Amino acid sequence: MDPSGADPTGRGAPGKGAPGAEGPRRAGPLIVTEDLGLLDDLLRLCAAAGVEPEVHHRVPERRASWTDPPLVLVGDDVAARCRGAVRRPGTLLIGRDQGDPGLWRLAVEIGAESVLSLPGAESLLVDRLADAAEGADRPALTVGVVGGRGGAGASTLACGLALAAARAGHRTLLVDGDPLGGGLDVLLGGEREEGRRWPDFAGSKGRLAGGALEESLPSVRGVRVLSWGREPAVPVPPEAVRSVLAAARRRGGVVVVDLPRGTDPPAGEALAQLDLGLLVVPGELRAVAAAHRMVSTIGPAVRDLRAVVRGPYAVGIDERWVADALRLPLTGELPYDPGIVADQDAGMPPGAEPRGPLGRFCAAFWEHALVPGGTA
């Protein structure tokens with residue numbers, strides 16, 4: 001891997017575990033208030049988020065009851081009594097009058113990360129409660145792969161990255177973002193696996209439960225796959241793409257998106273959710289010329305776009321020359337692997353062999369991308 005890139009998030013490795021594994025049930029939030037009206041509202045919002053809170057009228061005497069819940073909701077009526085409590089992340093001060101400057105002073109004194117005023121912030125609070133209930137400590141590291149030209153090998157790399165992440169023990173979701181690409185489930189050999197495909201989510205709006213999304217998808221070689229069906233492509237509107245990818249990210253782990261070579265509104269939604277974009281560019285002049293157009297088209301929408309260069313190379317060209325010509329950081333050289341086609345004919349997905357050139361490249365990528373301060 002090339003050391004020129006930087007860790008796309010600086011967040012460290014995402015949560016591990018078998019895909020779809022829910023793990024132990026997380027505790028619900030802690031509510032601290034004596035205001036019965038406020039308590040009724042907070043209990044209603046907890047019910048809407050599907051969580052069961054613990055309720056106290058003051059800071060609990062047992063330290064763990066204060067420090068262990070994923071969120072603590074402190075009513076403005078008792079906030080002054082929480083000044084001496086241990087400071088912890090996920091403390092929210094809940095009030096009725098956000099314009100009261102005294103609330104913000106209290107928030108600072110008790111270490112609250114924000115002040116939420118009801119009823120205006122009800123939707124935001126439900127989202128926070130639901131996020132905490134789903135149990136991901138940080139959003140998934142989301143990597144998009146797109147070809148600098150047609151046939152560059154983006155789908156092959158996307159599959160290899162997903163399989164390598166799953167082998168390393170990370171919760172992994174592979175998303176087929178190209179309705180005209182033939183289906184990543186086919187490339188992985190999972191076209192007969194039961195589960196939902198993109199057309200099933202065409203009507204999705206608003207918030208989807210990340211756990212329900214994950215469990216509904218086919219699982220192939222330890223990877224959850226969201227692909228397209230065999231029927232004619234059903235248009236999936238941008239709001240559905242936004243809803244599905246946001247739910248996938250909330251589950252933590254790794255999300256790999258195989259992107260189309262276009263910028264229609266659904267593709268734009270996918271680009272906006274990426275932490276890192278990988279542009280796969282073959283080492284020949286026409287591919288570099290085509291990749292220039294891709295950079296100018298998708299570059300403004302991707303917060304961190306890098307080049308992955310694939311051999312064999314035309315005379316006078318190497319991976320560094322290609323990256324410099326595109327003015328992109330170089331993630332690395334994707335080794336030329338003439339055996340991939342034969343492996344696919346034999347039913348072996350690209351990257352399934354960890355000791356093969358693609359498998360080694362993808363493993364090295366995640367070793368760098370999924371550690372604090374690493375490079376990709």
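Predicted model: local features only at pLDDT ≥ 70, side-chain atom pairs only at ≥ 80, totals over all residues.

Author: Residues are numbered from 1 along each chain as its sequence is written, and side-chain values use heavy atoms, with hydrogens and water left out.

Reader: In what order do the strands of the open sheet of five strands stand?

Author: Helices (H or I, at least four residues) and strands (E, at least two) are DSSP runs, numbered from the N terminus. Two strands pair if DSSP finds at least two bridges between them. The pairing in this open sheet is parallel, and the order of its five strands is E2-E1-E3-E4-E5.

Reader: Which strands stand at the edges of the sheet, each with a single partner strand?

Author: A strand with a single partner has one side left without a neighbour in the sheet, so it stands at an edge. This applies to strand E2 (54-56) and E5.

Reader: Which residue of E5 is the bridge partner of Ile 94?

Author: Strand E3 (residues 72-75) runs parallel to E4, joined by four bridges, and there Gly 75 has Ile 94 as its bridge partner. E4 also pairs in the parallel sense with strand E5 (residues 114-117), again over four bridges. In E5, Ser 114 stands opposite Leu 92, and the bridge partner of Ile 94 is Leu 116.

Reader: How many of the five residues of strand E4 are buried?

Author: Buried means under 20% relative accessible area, exposed over 50%, and partly exposed in between, with a 1.4 Å probe and protein chains only. In a regular strand the side chains alternate between the two faces of the sheet. Thr 91, Leu 93 and Gly 95 point one way from E4, and Leu 92 and Ile 94 the other way, all of them buried. Strand E4 (residues 91-95) is therefore largely enclosed by the rest of the structure, the buried count being five of the five.

Reader: Is Ser 123 buried or exposed?

Author: Ser 123 belongs to helix H4 (residues 122-134). Its C-alpha atom is separated by 9.8 Å from that of Ala 48, 75 residues apart along the chain. With a relative accessible area of 53%, Ser 123 is exposed.

Reader: Which residue has its backbone oxygen 3.4 Å from a polar atom of the side chain of Arg 224?

Author: Arg 224 lies in strand E9 (residues 223-226) and counts as buried because its relative accessibility is 11%. A polar atom of its side chain lies 3.4 Å from the backbone oxygen of Glu 214.

Reader: Which helix gives the largest share of the lining of the largest cavity?

Author: On a 1 Å grid over the protein atoms alone, a cavity is a set of points where a 1.4 Å probe fits but cannot get out, and lining residues have an atom within 4 Å of a point. The lining of the largest cavity includes Arg 171, Gly 210, Glu 214 and Arg 251. Three of the lining residues come from helix H7 (residues 210-216).

Reader: How many charged residues are in the lining of the second largest cavity?

Author: Ala, Val, Leu, Ile, Met, Phe, Trp, Tyr, Cys and Pro count as nonpolar, Asp, Glu, Lys and Arg as charged, and the others, Gly among them, as polar. Among the residues that line this cavity are Val 146, Pro 260, Gly 262 and Ile 298. The lining divides into six nonpolar residues, one polar and no charged.

Definitions and conventions:
Polar contact = N/O pair within 3.5 Å; in protein donor to acceptor, adjacent residues only side chain to side chain. 1 Å grid on protein atoms, 1.4 Å probe; cavity = no way out; pocket = protein on both sides within 12 Å on 5 of 7 lines; lining within 4 Å.
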